[in-house]
Amino acid sequence: MDFSFTKKEEQFRQELRTWLEANLPDGWLQGEVQLDKESKEYELFLRDWQKKLYEGGWAAIAWPKQYGGRNATLMEEIVYQQEMVRVKAPPLINYVGLHMVAPTLMQIGTEEQKEKYIEKIITGEEVWCQGYSEPNAGSDVAAIQTTAVKDGDRWIINGQKVWTSFGHVADRCFLITRTSRLEKKHKGITVFLLDMHQPGVETRPIVSMDGQKDFNEVYLNDAIAYDAEIIGQVDEGWKVIIALLMHERTGIGGQVFTLEQQFNDLVALAKELNDEDEPLIKNPFIRKTMVDLYTRSRGSLLNYYRNLTKQLKNGHPGAESSMDKLLVSELTKELFAQAISMQGHHGVLWKENALMDRSYWQDNYLYSFGQTIGGGTSEIQKNTIAERILGLPKDMGR
Amino acid sequence: MDFSLNQEQEMFRNYVRKYLDDVGQTKVAREFTEGNTSSFQALYAGLAELGCASVNVSEENGGMGLGQLDLVPILEETGRALLPGLYLETNALAVPLLERFGTEEQKAKYLSAIASGEHTFTVAWLEPSGNYKPSNVKLSGTLQDDVLTLNGVKSLVPDVELANSLLVLVRTSEGQGAEGISLVIVDCDDVSLQVQPQKNMDETRLLAEVTFNNVQVSSQQILGTIDHGWDVLQEGLLSFNAALCSSIVGSMEKIVETAVEYANIREQFNQPIGRFQAIKHRLVDMKMDLETARSLAYYANWAIESDAADKVEAVSSARLFATEAFIKVASQSIQIHGGIGFTEEIDCHLYVKRARFYENYLGSTQQYYEQAAVALGW
């Protein structure tokens, strides 16, 4: 057992730290940067941050050097995530492009597609979204109804997508459509690299319970895509979908480290809040709950390290990432619920009236409900674990 | 980064697993519950032959000189089989204490005998009306010349009938707190103890009330400094609890395997019950608890072996999580097995009973919550 980082990894950490110190937006670490999340200004701020990361060589470290990455090792990715969490770096506006679309293009895209899209993804010139979910196809991805019908060298696309994160700012969409009705519903799916800037594409924001408009409904009315914008083969899109999902691996690590940092914030909150002149952390009931949360978050970090070790040895990620995702998202929900409880009735005060930390706890509490739904619901993760790790039979209906 | 047991440790696990498979896994524990303790003795000798008893004893005392992490595979495997006896108390409590605090004479006397599998230790701590607080250590030890005279009663002493020595918490000076308590080694062959067996829900372990009536031992039998035995024991409990967690992990692993296997073959409504999400998701929750317990236990044992700065919170949090998870997982398994799970016919109930045995064994869950909070500086 060895929990240390190599000298090379520590050098890498130092290099990144130095870069972050010089390049984080002014006042970011001090919490002075306050932007309205729905403003154009915020979008430009995030696009600017993406460009800065690219120029510094920190936009997509896991990518091969030829595409502007660093060929980073898995351990370097871990260091990267730890450091980004440590400085609470601004979110990546092109997360979908960087972590999912581009790696999938590198794997199965045509030379022309690689040429056309990859560079624009890393520079942030083109922001991507993911057109998966539909009103009647969430966890059951293959139940999609959006159709693409061939018309010469064009395809006419009709349907509706939902929960499309970044849809309102995206330039392109990794869109899954139905192109044939075959006996097996996994067959007959085709994936398009859709241009979002066209008359047939309309996005409408959805207000989520935390008051944000992060995701959207996307309406496709005779939207147009061309043969050259198909990734993989016509009707064989399921393979592309699976390939893309396999590239989601790095997300989990980030969540584990964020949870660790959020837990430390929670401890600070429990020390700051008072109950009859004594910090709440001294209250026996709070202590028990906090130790319980500590134990389980620590456990989830250690589980992650153990799965990481396995991955380092096997060279590929396994279904264990479902265990990490399930645990971390469920714990995150509990953690913020505890933060609201601890504030007493003040816990209901929101936005500018929130008692402390500018609504950080309240906003995150509300946001946390999405975390056990997005990226595969907890129930789907449990099915995956049951079937792929425990070897139980598939659900009825599948 | 390498958060796993090494190849040698995994290889050793295979030897132990194979040996326990050959003797029928829980068969020996079942025989033990029926009063047959002789088959267990043979099994213990076999394990000692494999080297299990000598793993963490230093080389100069006849052992292999390996560390706490090398106990982990053995403990997981013996936990799977619900091994009766005093392996944990001997190798995970007495050995680390003797290695660290024992005099040369004590080391020579006990360690090589432990390494050869001929000597075991148990712990005499609780008293009839008491809890795990130091104020409840009332058994008195009066020192005159070089002789310590012990008077009092210890309760819930595990497997004293199988033990060669007892680690006894003795009050050697007036006071209520931790000061004035000594840890004394009492050899069963040298003294006369009154032993009154106590019925125990976990029939794979024997419990007894032990009366010390003017029992005389040499002052050379004190482990560590006189009047400072409480601190010595606390140190030993860190190793013990880390090890206990690994034993629990082994039991939980076996439970999850068995429950999954059953859910795959048992059919209702023309389907294996494992196809129903109500069962499936319950099994996943069990698996999650198992893997979290395993990670926490690995880390706790690593923290002991490497004397890490966070070893107290690592051990106490692992211990409280593992004991609670063990009860939960063992109970769920009965529910999954349905009617048959409620009978004595299959092993399910044995694990629930063992889980309850460990829940408050040598310290309560509440105490470990508090110990973790203090270690975290709260």
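Begin by selecting Asp307(B), which sits in the loop that runs between helix 8 (277-305) and helix 9 (311-337) of chain B. The model on screen is a predicted one, and in it Asp307(B) takes a positive phi of about 50° although it is not a glycine. Most residues other than glycine have a negative phi.

Next, go to Gln25(B), in the loop between helix 1 (7-22) and helix 2 (27-33) of chain B. Gln25(B), again a residue other than glycine, has a positive phi, near 50°. Is Gln25(B) buried or exposed? Its relative accessible area is 12%, and since the cut-off for burial is under 20%, Gln25(B) is therefore buried.

Now zoom out until chain B as a whole is in view, and colour it by secondary structure, which comes to 11 helices and 10 strands. Taken along the principal axes, the C-alpha atoms of chain B fill a box of roughly 80 × 45 × 45 Å. The radius of gyration of chain B is 21 Å, which agrees with the value near 21 Å that a compact globule of 378 residues would have. Of the 378 residues in chain B, 61% are buried, and among its contacts with a separation of 6 or more, 74% are between residues 24 or more positions apart.

The last stop is in chain A, where helix 9 (residues 320-342) and helix 10 (residues 360-371) pack at an angle of about 145°, with their axes 9 Å apart. The crossing of helix 9 and helix 10 of chain A is left-handed. To see the contact itself, show side chains on both helices: the residues that helix 9 of chain A brings include Lys325(A), Leu335(A), Phe336(A) and Ile340(A), and those that meet them from helix 10 of chain A include Tyr360(A), Trp361(A), Tyr365(A) and Phe369(A). Coloured by class, the contact of these two helices of chain A has 9 nonpolar, 6 polar and 2 charged residues.

Technical notes
Residues are numbered from 1 along each chain as its sequence is written. Chains are lettered from A and ligands numbered from 1 in the order in which they are written. This is a predicted model: local features need pLDDT of at least 70, side-chain atom pairs count only at pLDDT 80 or more; totals for chains, interfaces and linings use all residues. Side-chain values use heavy atoms; hydrogens and water are left out. Axes are lines fitted to C-alpha atoms, for helices over the stretch in contact, and angles run from 0 to 180 degrees between N-to-C directions. Helices (H or I, at least four residues) and strands (E, at least two) are DSSP runs, numbered from the N terminus. A crossing is left-handed if the near helix is turned anticlockwise from the far one by less than a right angle, and right-handed if clockwise. Contact means heavy atoms within 4.5 Å. Ala, Val, Leu, Ile, Met, Phe, Trp, Tyr, Cys and Pro count as nonpolar, Asp, Glu, Lys and Arg as charged, and the others, Gly among them, as polar. The radius of gyration is taken over C-alpha atoms; the globule rule is 2.2 Å times the number of residues to the power 0.38. Buried means under 20% relative accessible area, exposed over 50%, partly exposed in between (1.4 Å probe, protein chains only).
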